[in-house]
Amino acid sequence: MEEIVLKPVGQVLSSAEEPEDMPLGGLEAVIEIFPEYLEALKGIEENSHIWVLSWFHKAPRDLLRVKPGRINPELPEYGVFALRAYGRPNPIGLSLARLERVEGHRLYLKGLDAIGGTPVIDIKPYFENDAVFSPLTSYIKGKNREIRQGILSKRALVHHQEECRYLPLAVRMAIIAEDYLGKLNSLDLFVRVRGSVCLADCIQGISRARLANPPRFSFQQTEENMESEWKRGKSTLLLRLKSDAELEGLELREDQELFHIEYRE
Ligand SMILES: [Zn+2]
């Protein structure tokens with residue numbers, strides 16, 4: 001087939017200059033649209049999120065299989081079409097970013113994973129119908145707790161849209177549940193939450209457990225004796241917060257200090 005010729009419509013300004021400098025969740029960044037495309041931005045400020053298609057100009061193009069090495073080098077290889085790894089035959093970046101504001105030809109973004117100087121090839125709005133709440137995905141488990149915390153925090157934040165005090169609590173509960181029961185977004189994992197609406201919302205975002213079809217999630221609102229219960233088959237894990245005061249500085253505390261942990265198989 002004939003070659004396809006793309007013309008960049010803008011470029012990325014970011015504090016990350018090399019692919020290795022880019023954290024998994026992306027960074028705050030600016031996209032500068034070139035003057036000849038300024039008209040194409042009309043109305044874009046009505047959107048809170050946009051898809052950015054870019055050209056990962058520093059990525060290798062000779063890779064067909066890779067390991068998700070940054071998340072866990074011990075995992076098996078995947079085909080590059082089954083991963084979002086940046087090295088691939090056509091290194092097109094597909095990034096979902098939050099659009100904070102628009103000033104003239106500049107888009108101010110949060111969560112963009114393209115480095116400074118990346119050519120932007122297209123921008124499209126993110127629509128409500130783009131959201132698949134509970135997709136089936138490969139289980140790319142982070143190699144350590146720090147990486148898993150980053151992944152699960154991002155997932156909770158995308159759903160809850162607020163970095164409130166219950167988000168780290170939900171993430172910690174989910175990390176422990178993953179230690180005991182494995183992949184959290186799977187159809188045979190059931191979650192019950194007693195606690196604040198924020199806690200329930202964050203746990204629902206992490207576990208992708210819907211109320212129905214199949215029913216995987218239930219919730220009772222309370223501000224005291226907060227707990228979550230996670231079930232797969234005959235295995236049940238109950239995590240009960242020892243005291244609300246423990247919510248501050250949660251990262252510094254051991255699991256056993258924070259929770260009563262009951263596990264039955
Ligand atoms: Zn909240």
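**Figure 1. Trp55 in strand β3 of the predicted model.** Trp55 belongs to β3, which covers residues 49-55.

**Figure 2. Contacts of Trp55.** With residues up to four places away in sequence left out, Trp55 touches Pro91, Ile92 and Gly93, and also Thr118, Pro119 and Ile121. The C-alpha atom of Trp55 is separated by 9.6 Å from that of Asp122, and these two residues are 67 residues apart along the chain.

**Figure 3. Pairing of strand β3 with strand β6.** Strand β6 consists of residues 92-103 and runs antiparallel to β3. The two strands are joined by seven bridges. Gly93 of β6 stands opposite Ser54.

**Figure 4. Pairing of strand β3 with strand β8.** Strand β8, residues 119-125, is antiparallel to β3 and is linked to β3 by five bridges. Val52 has Ile123 in β8 as its bridge partner.

**Figure 5. Lys124 in strand β8.** Lys124 has 12 other C-beta atoms within 10 Å and is therefore exposed, as the limit for that class is 12 or fewer. Apart from neighbours within four places in sequence, Lys124 is in contact with Ile50 and Trp51. Between Lys124 and Ser186, which are 62 residues apart along the chain, the C-alpha separation is 30 Å.

Technical notes
Residues are numbered from 1 along each chain as its sequence is written. This is a predicted model: local features need pLDDT of at least 70, side-chain atom pairs count only at pLDDT 80 or more; totals for chains, interfaces and linings use all residues. Helices (H or I, at least four residues) and strands (E, at least two) are DSSP runs, numbered from the N terminus. Two residues are in contact if their C-beta atoms, placed from the backbone, lie within 7 Å. Two strands pair if DSSP finds at least two bridges between them. A residue is buried if 20 or more other C-beta atoms lie within 10 Å of its own, exposed if 12 or fewer, and partly exposed in between; C-beta atoms are placed from the backbone.
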